[in-house]
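Visitor: I'd like to go through this model with you. Could we start with a term or two, and then move on to the structure itself?

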Amino acid sequence: MTMKIIKWWAEKGKKRPWEKKENHGWERSGSVQAIGKTDTGMVRDINQDYIFVSTKPVGPLPNLFLVADGMGGHNAGDFASRFLVEELVKTMKKQKTGVPPVKALKEGIQAANQLLYKKSTEEIYLSGMGTTLVAAFYEENTLYAANVGDSRLYLIGGGIRQITRDHSYVEEMIASGRMVRGSLEYWRNKNIITRAVGTSPRVAIDFFETEVKTGQTILLCSDGLSNMIENERLEKIVKNAPSLESAAQILVDRANANGGRDNISVVLVRPSGSGVSSC
């Protein structure tokens, strides 16, 4: 039976004391520049998204970009996204540089998943928590991506393509021909996901790789952005913004202007550097 995880949101609370610089950062190193922004939105009282941006090596990876969208009652979702990102980064830094990058990332996600799941079984208030994850790194004109849940990665330039595939109830129903995208039923069930990190001892991870051409931009985001702005508009904003930093801010502002019903996280990566294939 397919597991269904309904997103619950934390009660009203203050800004997290563990908010780090990585959650609002501008990075530039060599041929890669990146910016990350995360925002509570207009409706939620606490931000359960967490991001990480590094254009410099992280263990065996040449760079690393992460977006996690937590779920769980009270502060559990908030804890889940932060814990996953921080533990994954720690794990990657401990890995030997000779390990193949995709293998290292897969092992890192599994290790962080096990730690998060263990936490959920030890603390009652964390029971049932989980988080989405979209992770990426760029090397030699190639983008490598991993995802669990419905946070997304797009490649923008010469159009817009969603590289990752949502692990969600509505996408499964659409694939089977039992639901129409954009229908009332679609929007009512949009927040139900069928896979998450931290909900079981092991997690199934999808991996993708695709060529990145010069001038193209990589966008990682939580559903607080993708649910608020249509793909065509995402492309136009990124394409027409005077800088990567302004593009990220405009995306957040536009999502809020459209209702800001969820936490909003954006990571934009622009390498100097097409088809998509599963790793």
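Guide: Let us begin with pairing: two strands pair if DSSP finds at least two bridges between them. Helices (H or I, at least four residues) and strands (E, at least two) are DSSP runs, numbered from the N terminus.

Visitor: What sort of model is this, and how are the residues numbered?

Guide: This is a predicted model, in which local features need pLDDT of at least 70 and side-chain atom pairs count only at pLDDT 80 or more, while totals for chains, interfaces and linings use all residues. Residues are numbered from 1 along each chain as its sequence is written, and side-chain values use heavy atoms, with hydrogens and water left out.

Visitor: What pLDDT does the protein average?

Guide: The average pLDDT, which is the predictor's confidence in each residue from 0 to 100, is 87, and 86% of the residues score at least 70. Over residues 1-23 the pLDDT is below 50, although this stretch has 66 contacts in the model beyond near neighbours in sequence, where contact means heavy atoms within 4.5 Å. Where pLDDT is low, the predicted coordinates should not be read in detail.

Visitor: Fine. How many helices and strands are there?

Guide: The secondary structure comes to 7 helices and 15 strands. Of the 279 residues, 55% count as buried, where buried means under 20% relative accessible area, exposed over 50%, and partly exposed in between (1.4 Å probe, protein chains only).

Visitor: Which strands does β9 join through bridges?

Guide: β9 runs antiparallel to β13, to which 5 bridges join it, and antiparallel to β10, to which 3 bridges join it. On the β13 side, Arg 152 stands opposite Cys 221, and on the β10 side, Ile 156 stands opposite Ile 160. β9 and β10 form a hairpin with 3 residues between them, and Gly 157 in that turn has a positive phi of about 140 degrees.

Visitor: And is β9 buried or exposed?

Guide: 5 of the 5 residues of β9 are buried, so the strand is largely enclosed by the rest of the structure. Both of its faces are covered, with Arg 152, Tyr 154 and Ile 156 buried on one side and Leu 153 and Leu 155 buried on the other.

Visitor: What about β13, how many of its residues are buried?

Guide: β13 is mostly covered, with 5 of its 5 residues buried. Thr 217, Leu 219 and Cys 221 point one way from β13, and Ile 218 and Leu 220 point the other way. β13 is also joined to β14 by 4 bridges, in an antiparallel arrangement, and there Cys 221 stands opposite Val 266.

Visitor: Switching to the largest nonpolar core, which residues touch the most other members?

Guide: A nonpolar core is a set of buried Ala, Val, Leu, Ile, Met, Phe, Trp, Tyr and Cys residues joined through side-chain atoms within 4.5 Å. The largest one has 34 residues, of which Leu 64, Leu 66, Leu 105, Ile 109, Leu 116 and Leu 133 touch the most other members. Elements that each supply at least two residues of this core include β4 (49-54), β5 (64-71), α1 (76-94) and α2 (101-122), and α1 gives the most, with 9 residues.

Visitor: What does Leu 66 touch?

Guide: Not counting residues up to four places away in sequence, Leu 66 touches several residues, among them Tyr 50, Phe 52, Val 85, Leu 88, Leu 133, Leu 220 and Val 267. A second, separate core of 21 residues includes Tyr 154, Val 252, Ala 255 and Ile 264.

Visitor: Now helix α6: which of its residues are buried?

Guide: In α6 (residues 231-240), Leu 234, Ile 237 and Val 238 are buried. These three cover an arc of only 90 degrees around the axis, which puts them on the same side of α6; the arc is that of the directions from the helix axis to the C-beta atoms. On the other side of α6, Lys 239 and Asn 240 are exposed.

Visitor: Last one: where is Glu 140 found?

Guide: Glu 140 is found in the loop between β7 and β8, where it is exposed, with a relative accessible area of 71%. Glu 140 has a positive phi of about 50 degrees although it is not a glycine. Asn 141, in the loop between β7 and β8, has a positive phi of about 65 degrees although it is not a glycine, and at 39% relative accessibility it counts as partly exposed. Most residues other than glycine have a negative phi.
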